[in-house]
Amino acid sequence: MEGARKLHPSLFSLGILSSFAAEVICCGAHEGGSVKPKLIIRMVALLALGTASTTSAQSSQTPIDNKIDAVFSGVSSADAPGLAVLVRENGRTVFERGYGVRDLHSKANIDAHTNFRLASFTKQFTAMAIMLLAHEGKLRYDETLTELFPDFPAYGKTITIRNLLNHTSGLPDYEDLMDALEKKSGPTWSPQKQIQDAEVLELLKKEKAGKFAPGTNWSYSNSGYVVLGLIVARVSGKPYGEFLQARIFVPLEMNHTIVFQKEKNEVAKRAFGHSRENGTLRETDQSSTSATLGDGGIYSNLEDLAKWDDALRNHTLLSEKEFQSALRPVKLNDGSEPRWPTEPNDDNLHPGKPVSYGFGWFLDPYQGRQRIWHTGSTMGFRTVIEHFTDGLSVIILSNRTDLDPEKLALQVAGLFFSSKN
């Protein structure tokens, strides 16, 4: 009936029970008799059940997922680029939602199947690939660059795989080397002609020294993880993407996660990156450095990353003992705690502050709770994974650069922690 108000099922049931009670009492009185005690007991029990159902329905109007939704509902409009949010507790998904659209052309909604470029979120997968090869005895963490690449210059003789994994290698930043070369020789790379991993290695080979002696300092290094991706390919005999597919994605049934290589594969249900320029969001999906692999080349979605979260919690790919290497905070050669560099830049999240890093993971605790975490930041995308060892995980994938997924994820974590107090 037009204009009719739909009732909650529990309220409808309660109405029937109330009518039934009234009818029983009236019939008993009308017939000059009394209502039997057993019937009264049954009636009271049914009424109590209906009341409890109503109370439960009313109390479920403001669960924690409403509070989580409140964190995100205002950060993106329905027709603008946005984000996908996954919250899991003890291996169970408790919140999964998309906000905004994959791109400004199709206006397709973001959901759990939307694939985002992970950016540096990729590094944990590169580290896992290296650890799987170490587990098989195909490489050693103390192997040096010159052992793996005999034509690498002398400064690679003391740079180990372990240094590459925990950002103490001192390798020059390949973006800086690109800039220096283009200042001399003119434009070389562009979003259409992107630098490839092999070219990064060649740039590093032309240098005479690193930024510092390995192990004496800490500096976040995309160069190191590009080289690690090349090491995976060299040692395994398979291209980096094929190795990850065979050894990580297929075993975990991460069926829509890929190492993206233009003209070699395609990203299904792909989110395109956006940046705010002059107050307007516009597509900024690719840059000259968007094709490198080991430091940021994976695309994935919430559905698949829930499986990754399970694998981490259940030690599916490596035993708990073997995975401990990834969770051991690096110390410098003199035994001191490393710090972020003091000069700010895009890869320097907390200038001058202490940093705890293992193999592909930041390890700093939050509010006294142990966690492993990583952010990702690249042309058009921002991502984060916060995996707490006490059971909570928050993953946020965003296809716009004016959002701060790390801050938003910690807001969500705070909601859960306060609800436990």
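Student: In what order do the three strands of the open sheet stand, and in which sense do they pair?

Tutor: Strands are DSSP runs of E with at least two residues, helices are runs of H or I with at least four residues, and both are numbered from the N terminus; two strands pair if DSSP finds at least two bridges between them. Here the order of the open sheet is β3-β7-β4, and the pairing is antiparallel. Because β3 (116-117) and β4 (258-259) stand at the edges, each with a single partner strand, one side of each is left without a neighbour in the sheet. Between β3 and β7 (residues 298-300) there are two bridges, and Phe 116 stands opposite Ser 300 in β7.

This is a predicted model, in which local features need pLDDT of at least 70 and side-chain atom pairs count only at pLDDT 80 or more, while totals for chains, interfaces and linings use all residues. Residues are numbered from 1 along each chain as its sequence is written, and side-chain values use heavy atoms, with hydrogens and water left out.

Student: How many residues of β10 are buried, and which strands pair with β10?

Tutor: A residue is buried under 20% relative accessible area, exposed over 50%, and partly exposed in between, with a 1.4 Å probe and protein chains only. In β10, seven of seven residues are buried: Leu 392, Val 394, Ile 396 and Ser 398 point one way, whereas Ser 393, Ile 395 and Leu 397 point the other way. Seven bridges join β10 to β1 in an antiparallel run, and six bridges join β10 to β9, also antiparallel. In the hairpin of β9 and β10, with three residues between the strands, Gly 391 takes a positive phi near 120 degrees.

Student: What span does helix α13 reach, and against which elements do its buried residues pack?

Tutor: The expected span of a helix is 1.5 Å times one less than its number of residues. Helix α13 (residues 405-420), with 16 residues, reaches 23 Å from its first C-alpha to its last, close to the 22 Å expected. Its buried residues, among them Leu 408, Val 412 and Phe 416, pack against elements including α3 (64-72), β1 (83-89) and β10 (392-398).

Student: Which residues does Arg 313 touch?

Tutor: Contact means heavy atoms within 4.5 Å. Arg 313, in helix α11 (residues 302-314), touches residues including Gly 91, His 387 and Ser 393, not counting residues up to four places away in sequence. Arg 313 and His 387 are 74 residues apart in sequence and 9.0 Å apart in space, C-alpha to C-alpha.
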